[in-house]
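Here is a short report on one protein. Look over the sequence and the model before reading on.

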Amino acid sequence: MGPLLGALLLAGCADSGDGPFAVVPNATSTDASPVAKGPGTTPSSTASTTATSRPSGTTAPPSRSPEQAQTLARSLALTPEDWGGGFVKQSTYEFAGETWTDYAADCTQQTVPLPASIIGQWVRQVQQSDAAQPNTLSSGSTSAIVHKDVRGARDQVQNARQVKDRCPTRTYTDGTQAKDTPGAPQPPFAEADEVFAEEGLMYLKSGGSPYAYVVVTLRKDTVAMSAYFSAPGPEHMADVRTRATQAARLMLDRLLRS
């Protein structure tokens with residue numbers, strides 16, 4: 001079976017508790033197939049590509065209680081129906097988390113405590129089989145992280161860029177490696193305060209053809225959102241890029257309407 005590179009998170013969550021986005025999940029199980037690990041950004045994470053940003057507006061971001069923040073985060077993460085036909089829940093489908101993933105000096109995965117600025121977060125993970133090859137799976141993941149203030153959200157994005165610069169190749173606990181491709185196209189989201197995209201190839205320790213992956217990360221005021229998608233074969237990069245960008249667009253639209 002090809003890898004299901006699930007979990008996207010800008011900063012921390014995992015499909016099974018030790019994945020590249022590492023949040024030890026409080027997960028809702030389903031009958032969907034198990035997944036392999038996917039790339040992600042972390043507390044010190046991703047994006048040497050050119051990021052777009054704009055100054056925050058004059059209107060102060062809303063102040064939220066932890067309960068309100070968690071409700072908002074859950075409302076932003078996408079369901080299988082949001083992704084479209086053929087998508088189902090991954091075996092670990094949705095969760096918040098208690099820890100994050102970071103990377104050591106040698107760019108290997110490690111677990112760290114959650115930043116104190118986070119007051120709400122939620123992740124949902126989906127998958128889709130190839131009709132011609134039912135055992136070959138594509139995967140998507142969306143995450144929303146709500147911070148106490150704008151500074152916490154900005155720090156998350158900045159740290160994400162730093163890890164991508166420092167670790168163009170990241171190694172996860174199961175031996176999977178994510179190799180960044182420099183110069184990823186940056187989608188224009190004028191309403192967001194910060195935007196960056198990362199893309200590259202994922203190599204399983206067991207070998208075989210790599211998977212193409214894309215992570216699109218947005219920040220609006222105190223909320224950071226990420227949309228991740230991967231599919232088997234480098235030739236599918238354009239479709240992977242489109243799906244990740246569309247997922248990020250839907251999350252941002254929901255936030256703007258909230």
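The text below covers the overall build, then the aromatic rings.

This is a predicted model: local features need pLDDT of at least 70, side-chain atom pairs count only at pLDDT 80 or more, and totals for chains, interfaces and linings use all residues. Residues are numbered from 1 along each chain as its sequence is written, and side-chain values use heavy atoms, leaving out hydrogens and water.

The protein has four helices and 13 strands. These are DSSP runs, numbered from the N terminus: helices (H or I) have at least four residues, strands (E) at least two. Of the 258 residues, 57% are buried (under 20% relative accessible area, with a 1.4 Å probe and protein chains only).

The protein has four aromatic pairs. Rings of Phe, Tyr and Trp (its six-membered ring) pair if their centres lie within 6.5 Å; planes under 30 degrees apart count as stacked, over 60 as edge-to-face and the rest as tilted. Two of the pairs are tabulated here.

| Pair | Centre to centre | Angle between planes | Type |
|---|---|---|---|
| Trp83 and Phe87 | 5.7 Å | 35° | tilted |
| Tyr103 and Tyr172 | 6.3 Å | 50° | tilted |

Tyr103 sits in strand E5 (residues 99–103). Tyr172 lies 69 residues away, in the loop between strand E9 (169–171) and strand E10 (177–180). Both tyrosines are buried. Trp83 and Phe87 are buried as well. Together with Phe229, Trp83 and Phe87 form one aromatic cluster.

Charges also sit over rings (NZ of Lys or CZ of Arg within 6 Å of the ring centre and within 35 degrees of the ring normal). The charged end of Arg74 is over Trp122, 4.3 Å from the ring centre. Lys179 lies over the face of Tyr203, at 5.0 Å from the ring centre.

Notes: Buried < 20%, exposed > 50% of the residue type's maximum accessible area, 1.4 Å probe, protein only.
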